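Please look through the structure shown here before reading the notes that follow.

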Amino acid sequence: MTEASTINGYTLHRVLGRGNTSLVRLASNAQGQLVALKLPHPETLSVQDAAERFGNEVRLTLQFRHPHLVRGFGGTPFGPGAFLAITYYPQGALNEQLADLPDRTLPPDQALRILADLASALTYLHHQGAVHQDVKPHNVYVMEDGRAALGDLGNTYFVSQGGKTSGSPYYMAPEVYQGEATSSASDVYSLGIMLYELLGGDRPFNGHTYEELMVAHLTRFPPSLTQLNPQVTRSVGRLAELALAKRPTDRPSADQIRRALLSALGETPEDEVYEEAVKPEVEPVRPMGRHAPAQVRPATPPGADPEPREERSGPRWNPFRRRK
Ligand SMILES: Nc1ncnc2c1ncn2[C@@H]1O[C@H](COP(=O)(O)OP(=O)(O)OP(=O)(O)O)[C@@H](O)[C@H]1O
C-alpha cells in the first residue's frame with residue numbers, strides 16, 4: 001500500500017468490502033488488534049438521510065452491548081472524519097458465505113446455532129425498546145466457531161422515539177408492505193425468512209418485481225420446511241410457520257424463538273441477563289423521522305425489479321442492497 005494510511009489512530013490495510021453506505025477496510029489499532037473500519041462514502045455524508053443513517057449506526061453500535069450484536073470499538077458519527085470501528089469477521093457477511101456453498105444450505109445444527117444467536121440479539125434489542133428493521137444474511141457475521149452476530153444498526157430505532165419504516169423486500173413482513181410501522185414482530189418475521197432460507201436452501205417468497213414479492217408475502221404459504229429438508233424436525237418446521245404468520249400478533253416473540261431453537265439444539269434455554277447499554281459518548285443523532293408519520297421506504301422502488309440488474313451477474317451480487 002503506497003498511500004498514507006492512518007485514520008483516528010487506526011492503520012489501514014486492505015479493502016474488505018464496499019456497501020451502499022460505506023467502504024469497509026481492514027485496520028489495526030495501536031495495540032495491533034485487527035478491526036473492520038467503516039468509512040462512509042463522500043456521497044453518504046452529502047445526503048442528509050444517508051448521513052443520519054450512518055450516524056445512527058455509529059451511535060447505536062457503540063451504545064448496545066450484546067455477545068450477538070456486532071461490537072463497536074470507536075467511531076465518529078458525523079462529518080468528514082466519520083468512521084466506525086467494529087469487530088473484524090474474516091469470513092465476511094453470511095450472504096457471502098452462503099453464496100459459496102453448493103446448495104446454499106448449512107448443516108442444520110450450524111443453521112440453528114446462527115438463528116438462536118440472532119434470536120438472542122433480537123430479544124436484547126426488543127428488550128431495549130428497539131426495532132432492528134433489517135434482519136437478513138447481508139447483515140449477519142459468523143465467526144469460525146459458528147457463533148453469529150447481527151450488525152448494521154443504521155435503520156434501528158427506539159419505538160418510543162419513532163422512526164422511519166424501512167426494510168428489504170425479501171425479508172419484509174406483510175403488514176409493513178401494507179404501510180404499517182415495523183415492530184418487534186416484523187423483526188421476527190424477517191428472522192423467520194432467514195430460518196426458512198438457512199434450512200430450506202431458498203427464501204420462501206420470491207418474485208421479479210416489488211409487487212410480485214408483496215403479493216407473495218401477503219397471500220402465499222411456502223411449502224413446509226420438513227418437505228424441503230428431511231433433516232428439519234417437525235417442531236422447527238412449525239416454528240418457521242409461526243414466525244412467518246401473516247398477522248403480527250400470531251408470531252412468537254424473539255425470546256420464544258430463541259428458546260425453541262436452543263431446545264432444538266438439545267440445550268436447556270436459560271433467561272438472558274443483559275449487560276447495561278453503554279451511555280453514548282458521542283453526540284446523539286436526531287431520531288430519524290421523529291415528526292414524520294411512519295412511512296414505508298422499501299429497499300426497491302415500487303414496480304422496479306427488486307434485484308439490481310447491474311450487480312446480478314457478479315459472485316458477490318447482493319440483491320438486498322438498500323437504495324439511497
Ligand atoms: N466487520 C466486518 N468484517 C469483515 N468484513 C466486513 C465487515 N463489515 C463489512 N464487511 C464487508 O464489507 C461489505 C460492505 O459492508 P456493509 O454491507 O456493512 O456496508 P454498508 O455500506 O455499511 O451497508 P449497506 O450496503 O447496507 O448500506 C460486506 O458485504 C462485507 O463483505
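Q133 is buried, because 26 other C-beta atoms lie within 10 Å of its own; a residue counts as buried with 20 or more such atoms, as exposed with 12 or fewer and as partly exposed in between, the C-beta atoms being placed from the backbone. The model is a predicted one, in which local features need pLDDT of at least 70, side-chain atom pairs count only at pLDDT 80 or more, and totals for chains, interfaces and linings use all residues. Residue numbers start from 1 along each chain as its sequence is written.

**Positive phi values**

- Most residues other than glycine have a negative phi.
- Q133 is not a glycine, yet its phi is positive, near 75°.
- Q133 sits in the loop between β7 (130-131) and β8 (140-142); helices (H or I, at least four residues) and strands (E, at least two) are DSSP runs, numbered from the N terminus.
- R104, also not a glycine, has a positive phi of about 55°.
- The loop that holds R104 runs between α3 (94-99) and α4.
- R104 counts as partly exposed because it has 17 C-beta neighbours inside 10 Å.

**Helix α10 and helix α4**

- The axes of α4 (residues 108-127) and α10 come within 8 Å and cross at roughly 155°; axes are lines fitted to C-alpha atoms, for helices over the stretch in contact, and angles run from 0 to 180 degrees between N-to-C directions.
- That angle makes α4 roughly antiparallel to α10, since angles over 145 degrees count as roughly antiparallel, under 35 as roughly parallel, 65 to 115 as roughly perpendicular and the rest as oblique.
- The crossing of α4 past α10 is left-handed, meaning that the near helix is turned anticlockwise from the far one by less than a right angle.
- On the α4 side the contact includes L112, L115, A116 and A119, and on the α10 side it includes I257, R258, L261 and L262; two residues are in contact if their C-beta atoms, placed from the backbone, lie within 7 Å.
- By class, the contact of α4 with α10 has ten nonpolar, three polar and two charged residues; Ala, Val, Leu, Ile, Met, Phe, Trp, Tyr, Cys and Pro count as nonpolar, Asp, Glu, Lys and Arg as charged, and the others, Gly among them, as polar.

**Helix α10 and helix α9**

- The axes of α9 (residues 234-243) and α10 (residues 254-264) come within 10 Å, with a crossing angle of roughly 165°.
- α9 is therefore roughly antiparallel to α10.
- α9 also passes α10 in a left-handed crossing.
- S235, V236, L239 and A243 of α9 meet I257, A260 and A264 of α10.
- The residues of this contact of α9 with α10 are six nonpolar, one polar and no charged.

- P269 lies in the loop between α10 and β12 (297-298).
- P269 is partly exposed because 16 other C-beta atoms lie within 10 Å.
- Leaving aside neighbours within four places in sequence, P269 is in contact with R258, R259, L262 and S263.

**The whole chain**

- The protein has ten helices and twelve strands.
- Of its 324 residues, 44% count as buried.
- Among contacts with a separation of 6 or more, 66% join residues 24 or more positions apart.
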